[in-house]
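Please look over the structure below.

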Amino acid sequence: MTPPSPVPVPVPLVPSLPSLPSLPSLPSLPSPPTVLAHGIGSQHDLPISPFYAFAGAFTALFVSFLALGLLWSASRFRGDRSGLALPAGLQRVADAPATRTALRGLGLAASLAVLLSLLLGPDDPARNPAPGAVYVLLWVGLVPASLLLGPVWRLLNPLRALYRLLARLPAKPRTRPPLPARLGQWPAAAGLFAFTWLELVSPDPASTTTLLIALTGYAAVQLLLAARYGERWFAHGDAFEVYSELLARLSPLGRRSDGRLVLRNPFHGLDATPERPGLVATVCVLLGSTAYDGFSDNPSWINAIQTSPLGRTAAATLGLLGAVALVAALYCLCAAVTRLVCGPHPGPLTAFAHSLVPIALGYLVAHYFSLLVVEGPRTVIMALGTDNAPEPFSPLGPGGLAALQVIAVVTGHVLGVIAAHDRSVRLFPPARAVAGQLPMLALMITYTVGGLSLLLN
């Protein structure tokens with residue numbers, strides 16, 4: 001994905017390179033250099049044997065499935081009814097108006113700094129921290145933040161803060177209509193797809209003009225819809241809030257149904273994932289976009305989109321849509337087969353959608369770990385005004401990064417198998433519960449093969 005040149009090219013700030021359209025001839029491209037979005041550099045030269053990676057993955061999945069079938073005959077997860085209550089004093093501090101106000105102010109100040117950087121800073125991602133703030137600190141940084149602290153974007157969301165400020169202005173009182181139940185998380189799924197398109201497909205994703213138009217347009221749409229439906233809109237329609245909330249389902253820090261702040265088994269939080277319309281679409285966008293990210297720097301794919309009569313952007317858009325559609329079609333096929341094996345059950349599509357969340361998390365870690373630990377500090381240093389930001393340097397060697405990627409993908413699938421099995425023994429009679437998991441096991445194996453193939457080939 002780099003311009004043909006024997007001279008090493010500095011690693012870009014974001015995964016999608018704005019110089020793609022200028023490539024004159026792809027067959028003469030040298031071997032791909034390190035691409036931080038995948039964490040390992042060239043995918044054709046990984047220091048892990050594909051045989052051992054696939055064998056280990058299959059062993060982990062089959063052993064997990066057999067052990068669950070033999071030893072796990074009743075549902076053990078209790079959703080938002082579980083958890084060890086934290087001290088009341090800690091909860092008072094967490095829920096205090098001053099704490100909430102400070103966090104909203106922090107989010108608003110950070111977004112203002114990004115806006116000023118886009119308006120006044122240089123149109124060069126190597127000297128402007130705004131692209132790194134969006135693609136690294138926000139998009140990738142929300143993963144560990146949500147896993148450790150819960151749905152943090154709900155408190156930091158600058159659009160919520162701005163909405164509250166605007167709501168204080170004198171205005172004629174009016175009754176807002178309720179959110180349509182069928183809307184669910186579909187707006188968030190659309191927003192996540194739009195963001196991944198911006199990151200992975202748009203011709204110049206790191207351009208300050210591109211980012212400024214995209215962010216202001218997104219903010220305007222969100223605020224207009226919040227003005228119609230009220231602040232509750234953000235919990236359903238803001239892509240980053242839904243993204244953070246889904247990842248936070250696997251956080252050990254959560255809330256019980258009575259509002260108490262608790263420490264919990266992350267599986268309980270995952271089990272409490274609301275089965276809303278659009279949940280499947282949201283998770284499939286996360287899975288499909290990381291899958292597309294995995295093969296988008298393959299020389300064959302680059303050659304295909306560069307020579308496509310549709311043009312690079314249109315062809316890449318179809319590729320991204322195709323990746324998401326393939327992930328969704330496989331899941332829907334799995335749900336249909338499960339229905340045939342076990343008989344009708346409530347929510348045939350959404351009943352097992354929560355089991356895809358740890359898989360999406362595994363792919364996110366595998367694809368973006370290196371980007372966060374390398375470009376994250378560099379972005380912060382640039383934002384603080386330091387001119388001599390260090391060159392990107394990965395803390396792990398190629399072998400360590402390859403191992404981390406494989407472990408993340410396999411662990412995500414094993415956690416998905418556990419979550420799906422617990423839901424199965426709750427929904428179906430014991431005689432059908434294990435048989436009903438065979439389609440889901442086949443789906444997990446298919447996703448694992450695809451994910452490891454993108455990493456190892």
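## Model and confidence

This is a predicted model: local features need pLDDT of at least 70, side-chain atom pairs count only at pLDDT 80 or more, and totals for chains, interfaces and linings use all residues. Residues are numbered from 1 along each chain as its sequence is written, and side-chain values use heavy atoms, with hydrogens and water left out.

The mean pLDDT (the predictor's confidence in each residue, from 0 to 100) of the protein chain is 83. A pLDDT of 70 or more is reached by 85% of its residues. Among the elements, α11 has the highest mean, 96. Helix α18 (residues 430-436) has the lowest, 77. Over residues 1-46 pLDDT stays under 50. For that stretch the model has 106 contacts (heavy atoms within 4.5 Å) beyond four places in sequence.

## Overall architecture

The chain comes to 19 helices and three strands. These are DSSP runs, numbered from the N terminus: helices are H or I of at least four residues, strands E of at least two.

Of the 457 residues, 48% count as buried. Buried means under 20% relative accessible area, exposed over 50%, and partly exposed in between, with a 1.4 Å probe and protein chains only. Among contacts with a separation of 6 or more, 80% join residues 24 or more positions apart.

## Pockets

The largest pocket has a volume of about 1300 Å³. A pocket, on a 1 Å grid over the protein atoms alone, is an open set of points where a 1.4 Å probe fits, with protein on both sides within 12 Å along at least five of seven lines; lining residues have an atom within 4 Å of a point. Grid points are joined across faces, edges and corners, and a volume is the space filled by probe spheres set on the points. Of the 43 lining residues, Ser111, Val114, Leu138, Trp153 and Pro158 are the closest to the centre of the largest pocket. Helix α3 supplies the largest share of this lining, eleven residues. Elements giving at least two include α8 (186-200), α9 (208-229) and α16 (357-383). The lining divides into 34 nonpolar, eight polar and one charged residue. Here Ala, Val, Leu, Ile, Met, Phe, Trp, Tyr, Cys and Pro count as nonpolar, Asp, Glu, Lys and Arg as charged, and the others, Gly among them, as polar.

The second largest pocket has a volume of about 900 Å³. Its 30 lining residues come closest to the centre at Leu149, Gly150, Pro151, Arg154 and Arg255. Four residues come from α11, which gives the most. By class, this lining has 14 nonpolar, five polar and eleven charged residues.

## Nonpolar cores

In soluble globular proteins, nonpolar side chains tend to be buried together. The largest nonpolar core has 88 residues. Such a core is a set of buried Ala, Val, Leu, Ile, Met, Phe, Trp, Tyr and Cys residues joined through side-chain atoms within 4.5 Å. Trp139, Tyr243, Leu287, Tyr331 and Tyr447 have the most contacts inside the largest core. Its largest share, ten residues, comes from helix α17 (residues 398-427).

Not counting residues up to four places away, Tyr447 touches Leu287, Val327, Leu330, Tyr331, Leu356, Ile359, Tyr363 and His413.

## Selected residues

The contacts below leave aside neighbours within four places in sequence. Pro122 is found in the loop between α3 (97-120) and α4 (130-138). Pro122 counts as partly exposed because its relative accessibility is 26%. Pro122 contacts Arg127, Asn128 and Thr208. Thr208 is 86 residues from Pro122 in sequence, yet 8.0 Å away in space, C-alpha to C-alpha. Leu198, in helix α8, is buried at 9% relative accessibility. Leu198 meets Tyr135, Pro205, Thr210, Leu211 and Ala214.

His421 lies in helix α17 and is buried, with a relative accessible area of 3%. Its contacts are Leu68, Gly69, Trp72 and Gln437. Leu261 lies in strand β3 (residues 261-263) and is buried at 11%. Contacts of Leu261 include Leu84, Gln91, Leu253 and Arg255. Leu261 and Asp95 are 166 residues apart in sequence and 9.6 Å apart in space, C-alpha to C-alpha.
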